[in-house]
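Me: I would like to learn how to read a structural model. Please take me through it feature by feature.

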Amino acid sequence: MYRASRRSISAALRSSAQLRSSVVPSVDATRQSVLGQEDAQKRSPSRWYSSLNGVSGDRVNCSRRTVFALPVSASTLGARNGYLGRTRHEATAVSIDGSELPVEKFEYQAEVSRLMDLIVHSLYSNKEVFLRELISNASDALDKLRFLSVTAPELLKEAVDLDIRIQSDKDNGIITITDSGIGMSREELVECLGTIAQSGTAKFLQALKDSKEAGADNNLIGQFGVGFYSAFLVSDKVVVSTKSPKSDKQYVWEGEAGKSSFTIREETDPEKLIPRGTRLTLYLKADAKDFAHPERIQKLVKNYSQFVSFPIYTWQEKGYTKEVEVDEDPADAEKDGEADKAEKKKKTKTVVERYWDWELTNETQPIWLRNPKDVATEEYNEFYKKTFNEYLDPLASSHFTTEGEVEFRSILFVPAIAPSRRDDILNQKTKNIRLYVKRVFISDDFDGELFPRYLSFVKGVVDSNDLPLNVSREILQESRIVRIMKKRLVRKTFDMILGISQSENRDDYDKFWENFGKNLKLGCIEDHPNHKRIAPLLRFFSSQSEAELISLDEYVENMKADQKDIYYIAADSVASARNTPFLEKLLAKDFEVLFLVDPIDEVAIQSLKSYKEKNFVDISKEDLDLGDKNEEKEKEMKEEFGKTCDWIKKQLGEKVASVQISNRLSTSPCVLVSGKFGWSANMERLMKAQTLGDTSSLEFMRSRRVFEINPEHQIIKDLNVACRSSPDNPEALRAIDLLYDAALVSSGFTPENPAELGSKIYDMMSMALSGKWTGSSAEVQQPLDHSQRLENPETVEAEVVEPERAGGHK
């Protein structure tokens, strides 16, 4: 790095006039860099032919004409004011054709090498953004010229189109970017490209504000003044050749990566002169030369700068087909004969002729800047498919502009199908939302800043003029503006989905629900503030609609007059839910019950808690209230079966928390219900299946189970008699155990010891079937009932009959 002279700043200023008069010729004299001459000798003019405005030679562009104004301590630099400006060193003069052509050498501000290192290695996370930054600077230069030409038409005296042109040499690793914008004078070169983080764009906007012209429509992009230095992400050397329409001279700025100084000279080569604007030449590093491929350049332009206001042309290889004559083989000619040869047509073949020409790269116009009334549905669909590489039209789209505290434009789309990778529901970084700032692409890699995870399937573009980005424009800063922006995007998304649900074509929403229903259920769990927007969009099967999904609005509309709550049962399938014993009394009362057959359904409903002031009630939990309580009857049942409940509880022990008389059964003898705050049988099954499930919580949540008995069932009546007459009877106690196991299975729980349950069933079958089919064939045809077998216990031997084959043969 260049070190400051030991002389004081004041001494340097006093001697500067003498230095310029004695060593450095006049600024207006012709200047040419030795380094520039060496480069000119190495490069062949034919290699750098460019059709741009009929000028051959390099066409380059300077971009963000801005740099950091870095304050330094006065003690370090020996300056009284604590700020060190650029130091101009003595020019080196060489003799070319007998004339001395000086090159002025300037030093960056102090510690600039460290700052440049930060820019190159830390500020930008992706090297390819250098082209975005440089094109944005070129666009700013064109915008400035267009704005200033309104009051000063003479600035456009050179009839040059306002455009940006990018040319690359992949063999030598050189990229040239040229704009026909405002250009820079010598003083502006020194000020903007010698002071890091001084933004020419920000200064221009401030001048507009001071002159009370800030209300004018401008599309300037640059803010921070470090965009130009992103060129050093990929370049060893950068050459900026620029001409301001206010000046008759063209100046060249040269800087190298890692150096603390830069040079400025006047351009004297007629082949390198430009009418107006800036030409920026990047000499790429060895590991970055792949950026010089024309296809790579075109791809980066389409990705980052597709919607820049000015046309961007890239230098591309093209081809066309043509027919050329083919010389006939002499041997074939002799065979055909001279007569036939005269009549034959000459043979031809198709060849591809290659050539290079400019190609407009940013043909697509930003559709979101247009009035939604002027955009047809076909245009939205075409934009969607082209931007997101889709082949199907979206289910719905929403084009809107938000004004006020936060201003931005956006177009959102709901895809027709879910992505092939179903795990996208758990991945927030789906790259479905493309963020633009003043039509320049910033990023599509967000971590929930703009959209919540459960809406990650929504695709679209968001364009804002004043988002709180960081210096590199790659990171969206968390702020109140971003939160408001996210809130409005989510609200518009729900309006769009609600529009699909209210469509006359019911198949559209069925298709949406099939693809993205799980996302909305996840939203019930994660997004409590939007429950009122999510709930009307949910769909479920029910006891009265097993083949067709219904909404919660339809359920509430079909509720009975005496029904207070929304009932549901969670199961692994519609068939399991339909056959559960919990439904018996509700079906008898014609109450509709929602069937939650998706693993996420139960958690989603529990997160909602209520809908339209109707609470969600799990019919498999204890304390179910169906609104038909009869206190007198309940009192009678407790008096009659209270002792039986205690007897059953004593036999079952810690397996159940209590035994109660059920008000939900009509045909089943008993059922096993979950505690009010515990897991249901379905939830317990799901938690057991979790790879990383917590067994300790499993034991705690399933600890409370209530065994409910149906006093109207004959089995319970028989047990009630056994309780009073012979409570210690082994057969009665074994019946209680088997009754519990049967209730465990029918209620959806998993037996802890299936083999033991099987043994109990086998024992009961042996008792029931013992001797039932023993006896002669005649007796088998007319079997005795149990009482007759007990009265006639003698066993009749069966006659053995030899089998015969067909035809009477054994």
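This is a predicted model: local features need pLDDT of at least 70, side-chain atom pairs count only at pLDDT 80 or more; totals for chains, interfaces and linings use all residues.

Me: How many helices and strands does the protein chain have?
Reply: Start with the rule. Helices (H or I, at least four residues) and strands (E, at least two) are DSSP runs, numbered from the N terminus. Here the protein chain has 26 helices and 26 strands.

Me: What share of the residues in the protein chain is buried?
Reply: Buried means under 20% relative accessible area, exposed over 50%, and partly exposed in between, with a 1.4 Å probe and protein chains only. Of the 810 residues in the protein chain, 47% are buried.

Me: And what share of contacts joins residues at least 24 apart?
Reply: A contact means heavy atoms within 4.5 Å. Take the contacts in the protein chain between residues at least 6 apart in sequence: 74% of them join residues at least 24 apart.

Me: Now helix pairs. How do H5 and H8 pack?
Reply: First, the geometry. Axes are lines fitted to C-alpha atoms, for helices over the stretch in contact, and angles run from 0 to 180 degrees between N-to-C directions. Angles under 35 degrees count as roughly parallel, over 145 as roughly antiparallel, 65 to 115 as roughly perpendicular and the rest as oblique. Helix H5 (residues 129-148) and helix H8 (residues 294-304) pack at about 65 degrees, with axes 9 Å apart. H5 is therefore roughly perpendicular to H8.

Me: Is the crossing of H5 and H8 left-handed or right-handed?
Reply: A crossing is left-handed if the near helix is turned anticlockwise from the far one by less than a right angle, and right-handed if clockwise. The crossing of H5 and H8 is right-handed.

Me: Which residues of H5 and H8 meet?
Reply: H5 brings Val129, Leu131, Arg132 and Ile135, and H8 brings Ile297, Leu300, Val301 and Tyr304. To class them, count Ala, Val, Leu, Ile, Met, Phe, Trp, Tyr, Cys and Pro as nonpolar, Asp, Glu, Lys and Arg as charged, and the others, Gly among them, as polar. The contact of H5 with H8 then has seven nonpolar, no polar and one charged residues.

Me: How do H22 and H23 cross?
Reply: The axes of helix H22 (residues 714-725) and helix H23 (residues 730-746) come within 11 Å and cross at roughly 145 degrees. This crossing of H22 and H23 is left-handed. Ile715, Ile716, Leu719 and Ala722 of H22 meet Ala732, Ala735, Ile736 and Leu739 of H23. By class, this contact has eight nonpolar, no polar and no charged residues.

Me: At what angle do H23 and H24 pack?
Reply: H23 and helix H24 (residues 754-769) pack at about 125 degrees, with axes 10 Å apart. So H23 is oblique to H24. Their crossing is left-handed. H23 contributes Glu731, Arg734, Asp737, Leu738, Asp741 and Val745, while H24 contributes Leu757, Lys760, Ile761, Met764 and Met767. The contact of H23 with H24 has six nonpolar, no polar and five charged residues.

Me: Which residues of H18 are buried?
Reply: Helix H18 (residues 601-608) is mostly covered, with six of its eight residues buried. They are Asp601, Glu602, Ala604, Ile605, Ser607 and Leu608. Just after H18, Lys609 takes a positive phi of about 70 degrees.

Me: Where is Gly675 found?
Reply: Gly675 is in the loop between strand S25 (670-674) and helix H20 (681-688). Gly675 counts as buried because its relative accessibility is 3%. Setting aside residues up to four places away in sequence, Gly675 touches Lys621, Glu622 and Arg704. Gly675 and Val706 are 31 residues apart in sequence, yet 6.8 Å apart in space, C-alpha to C-alpha.

Me: Which strand holds Val706?
Reply: Val706 lies in strand S26 (residues 705-709). Its relative accessible area is 0%, so Val706 is buried. Leaving aside neighbours within four places in sequence, Val706 contacts Glu622, Ser658, Gln660, Val671, Leu672 and Val673.

Me: Last, how many disulfides does the structure hold?
Reply: A disulfide is a covalent bond between the sulfur atoms of two cysteines. The cut-off is a pair of cysteine sulfur atoms within 2.5 Å. The structure holds zero disulfides.

Terms used:
Residues are numbered from 1 along each chain as its sequence is written. Side-chain values use heavy atoms; hydrogens and water are left out.
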